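These notebook entries record what I looked up in one structure.

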Amino acid sequence: MIKKVYLIVNPKKDPEGKNREEIIRLLESKGIGYVEPAGEIDPDDARICDAVFTVGGDGTLIQAARELRSLDIPFFPINIGTLGYLTESTMATADKDLDRLIAGDYRIQERMRIAGTMPDGTVMTALNDVVIIRRESLHIVRLNLYINDKLVHTYRADGIIVSTSTGSTGYNLAAGGAILEPESKMMIVTPICPHTVRLTSLVVSDSDELKIEFLPGHEPDLTVVAGFDGGEMHPLQEGESVCVRRAEEKTKLIRFEDDSFLDVLYKKMKEN
């Protein structure tokens with residue numbers, strides 16, 4: 001039963017606050033309480049709620065999932081931008097969608113997260129992807145990919161994306177990577193602008209452990225960073241590695257039984 005929600009509205013998507021006002025009106029009319037962030041997203045405030053509502057787009061959901069990754073509560077994204085792969089509800093359908101939530105006419109879908117361990121032992125997780133990429137330089141990067149401690153390939157590219165199935169329709173897709181069904185328990189390794197015509201994305205099991213090594217011998221002005229879901233960037237020194245594996249944490253999404261990832265995919269493909 002959803003009695004109280006943590007409401008996160010993206011102000012860039014809703015600069016005049018009209019969508020926020022409408023969602024609050026709907027919540028109040030249906031007897032659902034809400035808590036809003038007083039500035040930054042606060043896990044302690046969200047902890048007392050039954051669900052997290054995000055109003056924006058896929059990016060709004062991904063950021064909220066990153067900030068609240070330690071909590072075991074589901075997310076319900078409401079889209080006010082262009083058609084997204086993660087945000088099925090819209091302002092036009094929000095009224096009836098809330099009625100379905102109250103009636104319990106929904107399911108909880110678990111999405112795999114991946115964890116990246118930095119050279120100093122810091123562990124970050126991502127719902128979409130971990131990206132190792134050059135910054136502010138036109139020089140290519142040489143990166144070794146190891147799977148379960150076995151060297152698979154040395155890439156000469158702008159970087160490498162390690163994506164979840166959820167993130168397969170994001171940066172991975174733009175880089176020419178494969179699309180996976182969202183609940184698939186897999187990871188995808190996709191080079192960014194590789195300097196060869198023979199390399200494509202590599203799909204591996206969620207039980208595999210990946211290591212991406214930044215090889216020594218580059219130009220002194222080359223900076224390489226590891227990014228998590230397009231947010232925090234961690235610099236890498238030559239000879240250092242990032243280890244990527246399935247995370248213990250998962251992100252839970254509230255979905256309806258009539259959802260179809262293939263329907264959304266078809267609509268997105270028609271747009272392009």
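**Entry 1: Asp229.** The model I consulted is a predicted one. I located Asp229 in the loop that runs between β15 (223-228) and β16 (233-236). I also noted its backbone: phi of Asp229 is near 55°, which is a positive value in a residue other than glycine.

**Entry 2: Cys193.** I then looked up Cys193, which is not a glycine and yet has a positive phi of about 50°. Cys193 lies in the loop between β12 (186-192) and β13 (202-205).

**Entry 3: Lys12.** I asked where Lys12 is found. I placed it in the loop between β1 and α1. With a relative accessible area of 77%, Lys12 is exposed. I also checked Lys12 against Lys96: the two are 84 residues apart in sequence, and their C-alpha atoms are 25 Å apart in space.

**Entry 4: helix α1.** I next examined α1, a helix of 12 residues (18-29). From first C-alpha to last, α1 reaches 17 Å, close to the 16 Å expected at 1.5 Å a residue. Which residues of α1 are buried? I recorded Ile23, Ile24, Leu26 and Leu27. Seen down the axis of α1, these buried residues fall within an arc of 160°, so they line one face of the helix. I noted the general rule that an α-helix has 3.6 residues a turn, so residues three or four places apart point the same way. The face of α1 turned away from the buried side carries the exposed residues Lys18, Glu28 and Ser29.

I then traced what the buried residues of α1 pack against: the strands β1 (4-9), β2 (33-35), β3 (51-56) and β4 (75-79), together with the helix α4 (94-103). Just after α1, I found Gly31 with a positive phi of about 75°.

**Entry 5: cavities.** How many cavities of 30 Å³ or more does a search of the whole structure find? I recorded three. The largest cavity holds about 50 Å³ of space. Among the residues that line the largest cavity are Leu68, Phe75, Arg113 and Lys250. Strand β17 (residues 241-255) gives the largest share of this lining, three residues.

Terms used
Residues numbered from 1 in each chain as written. Predicted model: local features only at pLDDT ≥ 70, side-chain atom pairs only at ≥ 80, totals over all residues. Heavy atoms only, no water. Helix = DSSP H or I, 4+ residues; strand = E, 2+ residues; numbered from the N terminus. Expected span 1.5 Å × (residues − 1). Buried < 20%, exposed > 50% of the residue type's maximum accessible area, 1.4 Å probe, protein only. Arc of directions from axis to C-beta. Contact = heavy atoms within 4.5 Å. 1 Å grid on protein atoms, 1.4 Å probe; cavity = no way out; pocket = protein on both sides within 12 Å on 5 of 7 lines; lining within 4 Å. Points joined across faces, edges and corners; volume = space filled by probe spheres on them.
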